[in-house]
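Visitor: Could you take a close look at the backbone in the loops for me? Please go on from there to what lies around them.

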Amino acid sequence: MTASFLSFPTFDIERDGVRIHGRIGGTGAPLLLLHGHPQTHAIWHRVAPQLAEQFTVVAVDLRGYGDSGRPAADAEHAAYSKREMALDALAAMRHHGFERFGVLAHDRGARVAHRLSADHAAAVERMLLLDIAPTLAMYENTSEAFAKAYWHWFFLIQLPPLPEALIASDPVRYVRSVMGGRHAGLAPFAPEVLAEYERCAVIPGTAESICEDYRASATIDLVHDRADIAAGRKLAQPLRVLWGEHGAVGKCFDVLALWRACAGDVSGRALPCGHYVPEEAPGELLAEALAFFSSLQPAGATP
């Protein structure tokens with residue numbers, strides 16, 4: 001991991017009995033970073049140090065991942081709903097005194113960011129999402145090509161305890177299989193960062209948490225998304241979406257059209273990489289992020 005990222009101070013907060021772990025560094029307007037599956041906040045190691053030259057960067061581990069807590073499952077999968085994860089992220093930012101901020105998020109973290117922006121519009125000034133289309137649209141428009149590429153979406157939501165038992169039998173193999181099975185294999189991942197993902201995958205409760213994250217996305221999260229549509233609610237913040245030209249999302253979905261159906265101000269494009277944008281195309285992502293977030297207001301500024 002980039003040494004300067006390791007120098008960022010770590011922090012831990014607790015919300016409703018769940019520990020949320022992260023790092024904070026830099027000065028300037030606040031910028032929240034949210035990672036995806038099956039990773040941790042370490043995914044940002046190639047861009048966070050440069051972002052911290054202009055922003056106060058707060059990178060957190062989602063509940064169920066990294067060194068954050070792993071709450072017990074419940075029948076409604078509510079503990080791992082993106083609504084709950086969004087409240088974790090909001091609590092982390094408020095812990096540091098930030099009521100309004102930008103969000104840069106990848107994969108599962110981008111789904112959390114979507115719900116954060118919908119439920120707490122005043123908190124999110126602008127949002128940059130990486131390699132996702134809206135969750136409901138992806139489920140409703142699933143094709144054979146998408147199902148083959150994103151097999152884990154359908155494996156992880158199966159009834160317990162089978163998927164979690166299979167993951168827990170060899171967590172390192174699971175991480176390497178999921179991440180290494182995409183466009184560039186395992187080549188984009190720094191050995192020490194891959195080792196960090198593997199360390200966290202072995203933490204007891206991780207397999208159950210991963211499955212609950214995805215079960216929530218296929219159940220309670222869709223209820224929340226459909227409620228937004230029924231009420232005619234659309235995201236009001238400027239939204240930029242980037243995706244990998246070699247990944248399944250851009251090949252299987254009209255990314256911008258799907259986001260324009262649920263947000264009013266959308267732009268974006270493909271980058272020359274696969275799914276793991278922050279580690280495969282850090283230079284391109286950094287340029288995009290610096291430009292998009294250049295208008296972020298300092299903490300405490302009036303919108």
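Guide: Start with Pro38. Pro38 sits in the loop between strand 3 (29-34) and helix 2 (48-51). Helices here are DSSP runs of H or I with at least four residues, strands are runs of E with at least two, and both are numbered from the N terminus. The bond to look at joins His37 and Pro38: this peptide bond is cis, with omega about -5°.

A word on the source. This is a predicted model, in which local features need pLDDT of at least 70 and side-chain atom pairs count only at pLDDT 80 or more, while totals for chains, interfaces and linings use all residues. Residues are numbered from 1 along each chain as its sequence is written, and side-chain values use heavy atoms, leaving out hydrogens and water.

Now find Pro160 and Pro161. The peptide bond between them is cis, with omega near 10°. Pro161 belongs to the loop between helix 7 and helix 8.

Next, look at phi. Asp16 is not a glycine, yet its phi is positive, near 50°. Asp16 lies in the loop between strand 1 (10-15) and strand 2 (18-25). Asp107 also is a residue other than glycine with positive phi, near 55°. Its place is the loop between strand 5 (101-106) and helix 4 (108-119).

Are these two aspartates buried or exposed? Buried means under 20% relative accessible area, exposed means over 50%, and partly exposed is in between (1.4 Å probe, protein chains only). Asp16 has 67% relative accessibility, so Asp16 counts as exposed. Asp107 has a relative accessible area of 6%, so Asp107 is buried.

Which residues of helix 9 (171-180) are buried? They are Pro171, Tyr174, Val175, Val178 and Met179. These residues lie on the same side of helix 9, because they cover an arc of only 110° around the axis. That arc is taken from the directions from the helix axis to the C-beta atoms.

Finish with helix 11. Helix 11 is mostly covered, with 11 of its 12 residues buried. Among them are Ile210, Cys211, Asp213 and Arg215. The expected span of a helix is 1.5 Å times one less than its number of residues. The 12 residues of helix 11 should therefore span 16 Å, and its end C-alpha atoms are 17 Å apart, which agrees.
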